[in-house]
Amino acid sequence: MSFHVRRKDREITDCEELRQVLKSTKYVTVALCNQDEPYLVSLSHGYDDANNCLYFHCAPEGKKLEFLKANSRVWGQALLDFGVTEECDYAYTSVHFSGKMSLVEDLVEKQHAVEVLVRQVSLNPEAKLAKIKLEKLEKTTMGRIDVDYMSGKKHQSPKPTLHKMLLH
Ligand SMILES: Cc1cc2nc3c(=O)[nH]c(=O)nc-3n(C[C@H](O)[C@H](O)[C@H](O)COP(=O)(O)OP(=O)(O)OC[C@H]3O[C@@H](n4cnc5c(N)ncnc54)[C@H](O)[C@@H]3O)c2cc1C
């Protein structure tokens, strides 16, 4: 069965606008599924525009990695939350995506992944990146989600300037 954003007036169709949400948010919430059991985690992420993938880091073990081993298909959401409006409505921009989650094993890709991640989530990325040692990175678990579908919905971003600011 195929679904689409029901409210066409709220749908985001511009691919660049969808990607911009993944580029400007600090974390995504990702749903996993093992047989008929659902599970969900939030992950700080960096979005790699050129490869249309998200990078994250995590502990080397835990429930999400057990779920990943069983089923690498994921569904996720990135959210820009503008809160309650004057009209008592809720203002947000969100992007849903689906994709395949995997672990990054190659050290060169790990270096790239950590750069993408730190540049997106940190205020002072270059100083933080300069402190990361290769030996430590080698032992760090890094993951990747290759995005194969995106949809977007925008509901009453309160002030166009604020919306623009958050997206850039
Ligand atoms: C904004 C945000 C950003 C985050 N960024 C990252 C990140 O970049 N990398 C990362 O690895 N984790 C991140 N986390 C934490 C993440 O959501 C998980 O809690 C964490 O990854 C542990 O997952 P796990 O499956 O290994 O849990 P495990 O340690 O194996 O725990 C399993 C059980 O613990 C409970 N549990 C696990 N996590 C939570 C939780 N957050 N709240 C309540 N109960 C929980 C559940 O009941 C679950 O069944 C972030 C969380 C938030 C809110």
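Predicted model: local features only at pLDDT ≥ 70, side-chain atom pairs only at ≥ 80, totals over all residues.

Student: Fine. Which residues surround the ligand?

Tutor: The ligand is surrounded by Y27, Y39, V41, S42, L43, S44, H57, C58, E61, G62, K63 and K64. By type, these shell residues divide into 5 nonpolar, 4 polar and 3 charged.

Student: Which side chain has an N or O atom 2.8 Å from an oxygen atom of the ligand?

Tutor: That is the side chain of Y39.

Student: And what about the backbone atoms of S44 and K63?

Tutor: A backbone N or O atom of S44 is 3.0 Å from a ligand oxygen atom. For K63, a polar backbone atom lies 2.8 Å from an oxygen atom of the ligand.

Student: How much of the ligand does the protein bury?

Tutor: The protein buries 47% of the 880 Å² that the ligand exposes when taken alone.

Student: Which elements give two or more residues to that shell?

Tutor: They are β3 (37-44), β5 (53-58) and α2 (63-70). The largest share, 5 residues, comes from β3.

Student: Okay, new topic. What is in the largest nonpolar core?

Tutor: That core has 27 residues. The members that touch the most others are L22, V30, L54, F97, M101, I145 and M150.

Student: Which elements give two or more residues to it?

Tutor: The list is α1 (15-24), β2 (27-34), β3, β5, α2, β6 (73-84), β7 (90-104) and β8 (141-155).

Student: Last topic, the loops. What is the phi of N52?

Tutor: Phi of N52 is near 45°, a positive value in a residue other than glycine. Most residues other than glycine have a negative phi. N52 lies in the loop between β4 (46-48) and β5.

Student: Is N52 buried or exposed?

Tutor: N52 has a relative accessible area of 17%. The cut-off for buried is under 20%, so N52 counts as buried.

Student: And where is C88?

Tutor: C88 is in the loop between β6 and β7. Its phi is also positive, near 60°.

Student: Buried or exposed, for C88?

Tutor: C88 is exposed, because its relative accessible area is 69% and exposed means over 50%.

Notes:
Residues numbered from 1 in each chain as written. Heavy atoms only, no water. Near = heavy atom within 4 Å. Polar contact = N/O pair within 3.5 Å; in protein donor to acceptor, adjacent residues only side chain to side chain. Areas by Shrake-Rupley, 256 points an atom, 1.4 Å probe, with all protein chains shown as cover. Helix = DSSP H or I, 4+ residues; strand = E, 2+ residues; numbered from the N terminus. Nonpolar A, V, L, I, M, F, W, Y, C, P; charged D, E, K, R; others polar. Core = buried A, V, L, I, M, F, W, Y, C linked by side-chain atoms within 4.5 Å. Buried < 20%, exposed > 50% of the residue type's maximum accessible area, 1.4 Å probe, protein only.
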